[in-house]
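Here is a report on a single protein chain. The sequence and the model come first, and the notes follow.

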Amino acid sequence: MTITHHPDIANLMCCAAGSQPEAFAAVIASHLSLCKSCCCEVRRMQQIGVALFDKLEPAKMAGPAPVVAMRAGEAETAPQKDETTPAHHPCCGMTAGGVPGPLVPLVGESLDTVDWHWLAPGVWVHTVPLSKGCCGELRLIKVAPGKKIPEHTHEGQELTLILRGSYTDALGTYRQGDVADLDEAAVHSPVACSKMGCICLMANEGKLEFTGTLARILQPLLNR
Ligand SMILES: [Zn+2]
């Protein structure tokens with residue numbers, strides 16, 4: 001697998017700090033399981049974070065320990081591993097069914113047995129449930145060969161990981177393992193690979209809004 005599009009550095013920093021919303025954390029964790037380069041980068045960030053904590057003067061706490069302090073404590077006691085197996089993001093790869101390790105508890109072991117719902121001609125969707133109270137949206141999207149995801153815009157950031165096949169939009173071609181990191185200004189309509197189609201995992205900070213006439217009619221089907 002050759003990965004050419006990686007998450008923005010800010011997303012990797014949020015991941016290292018453990019402060020990412022659940023939907024985005026699922027996409028980043030899945031990418032890390034496939035991308036040794038980003039995996040090592042996140043581990044390096046975590047080590048820097050722990051080193052910075054070590055330099056802080058102890059202070060009496062007024063309340064329960066913050067999560068970040070507990071994480072630093074965990075890192076100190078974690079067994080040392082080599083560069084290819086970071087402590088917090090093991091590079092476990094994909095199942096035979098094309099699902100990255102961190103995603104298996106959410107969608108099962110195979111993309112072929114996911115409960116797909118028809119969204120538009122050649123487009124199917126599966127909404128991945130998030131923990132109660134979590135904001136954002138997470139879904140798998142499957143696009144038939146040569147078909148396109150209806151043109152859409154989104155409130156806030158959109159993070160997409162390609163799991164199978166590829167797609168092309170105005171920003172380039174994204175293949176298995178690549179991440180498309182788009183802000184809310186982006187309006188795009190990716191076209192799936194003419195041979196394999198495309199299955200991707202998409203996290204949205206806010207609502208995904210289709211912009212075409214037909215797509216707007218289909219909008220209510222998105223969150224079944
Ligand atoms: Zn990467």
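Leu-201 makes contacts (heavy atoms within 4.5 Å) with Ala-26, Val-27, Ser-30, Leu-103, Leu-138, Arg-139, Leu-140, Leu-159, Thr-160, Leu-161 and Leu-163, once neighbours within four places in sequence are set aside. Leu-201 sits in strand 9. Its relative accessibility is 0%, so Leu-201 counts as buried. Buried means under 20% relative accessible area, exposed means over 50%, and partly exposed lies in between, with a 1.4 Å probe and protein chains only. Ser-30 is 171 residues away from Leu-201 along the chain, yet their C-alpha atoms are separated by 9.2 Å.

**Basis of the model**

This is a predicted model: local features need pLDDT of at least 70, side-chain atom pairs count only at pLDDT 80 or more, and totals for chains, interfaces and linings use all residues. Residues are numbered from 1 along each chain as its sequence is written, and side-chain values use heavy atoms, with hydrogens and water left out.

**Overall picture**

The chain holds 6 helices and 10 strands. These are DSSP runs numbered from the N terminus: helices are H or I with at least four residues, strands are E with at least two. The chain has 224 residues, and 42% of them count as buried. Take the contacts between residues at least 6 apart in sequence: 69% of them join residues at least 24 apart.

**The nonpolar cores**

A nonpolar core is a set of buried Ala, Val, Leu, Ile, Met, Phe, Trp, Tyr and Cys residues joined through side-chain atoms within 4.5 Å. In soluble globular proteins, nonpolar side chains tend to be buried together.

Which residues touch the most other members of the largest nonpolar core? They are Leu-138, Leu-140 and Leu-201, in a core of 31 residues. Two or more residues of this core come from each of helix 1, helix 2, helix 3 (36-54), strand 3 (137-143), strand 5 and strand 9 (198-204). Helix 2 gives the most, with 6 residues. Domain 1 (9-77) and domain 2 (101-221) each supply at least three residues to this core. The domain bounds come from an automatic or database domain assignment.

A second, separate core has 15 residues, including Ile-141, Val-143, Cys-198 and Cys-200. Ile-141 belongs to strand 3. Leaving aside neighbours within four places, Ile-141 is in contact with Trp-116, Val-123, Trp-124, Val-125, Ile-149, Cys-198, Ile-199, Cys-200 and Met-202. Between Ile-141 and Trp-116, 25 residues apart along the chain, the C-alpha separation is 8.5 Å.

Helix 2 is mostly covered, with 8 of its 11 residues buried. The buried ones are Ala-23, Phe-24, Ala-26, Val-27, Ile-28, Ser-30, His-31 and Leu-32.

**The zinc site**

Which protein atoms are donors of the zinc ion? They are His-6 (ND1), His-31 (NE2), Cys-35 (SG) and Cys-38 (SG), lying 2.1 to 2.3 Å from the ion. Donors are N, O and S atoms within 2.8 Å of the metal (3.2 Å for Na, K and Ca); water is not among the atoms, so sites may look incomplete. The angles among the 4 donor atoms run from 100 to 119°, and the site is tetrahedral. Four donors get that label if all angles lie between 85 and 135 degrees. The donor spacing in sequence is H-x24-H-x3-C-x2-C. Distant parts of the chain are linked here: His-6 is in the segment before helix 1 (9-17), and His-31 is in helix 2 (residues 22-32), 25 residues apart.

**Single residues compared**

| Residue | Relative accessibility | Class |
|---|---|---|
| His-6 | 33% | partly exposed |
| His-31 | 0% | buried |
| Ile-141 | 3% | buried |
| Thr-160 | 2% | buried |
| Glu-109 | 54% | exposed |

Thr-160 lies in strand 5 (residues 158-169). Not counting residues up to four places away, Thr-160 touches Tyr-167, Asp-178, Val-179, Ala-180, Cys-200, Leu-201 and Met-202.

Glu-109 is in the loop between helix 5 (104-107) and strand 1 (117-120). Beyond four places in sequence, Glu-109 is in contact with Thr-95, Gly-97, Gly-98, Val-99 and Val-104.

How values were computed:
Tetrahedral: all angles 85-135°; square planar, octahedral: opposite > 155°, others 65-115°.
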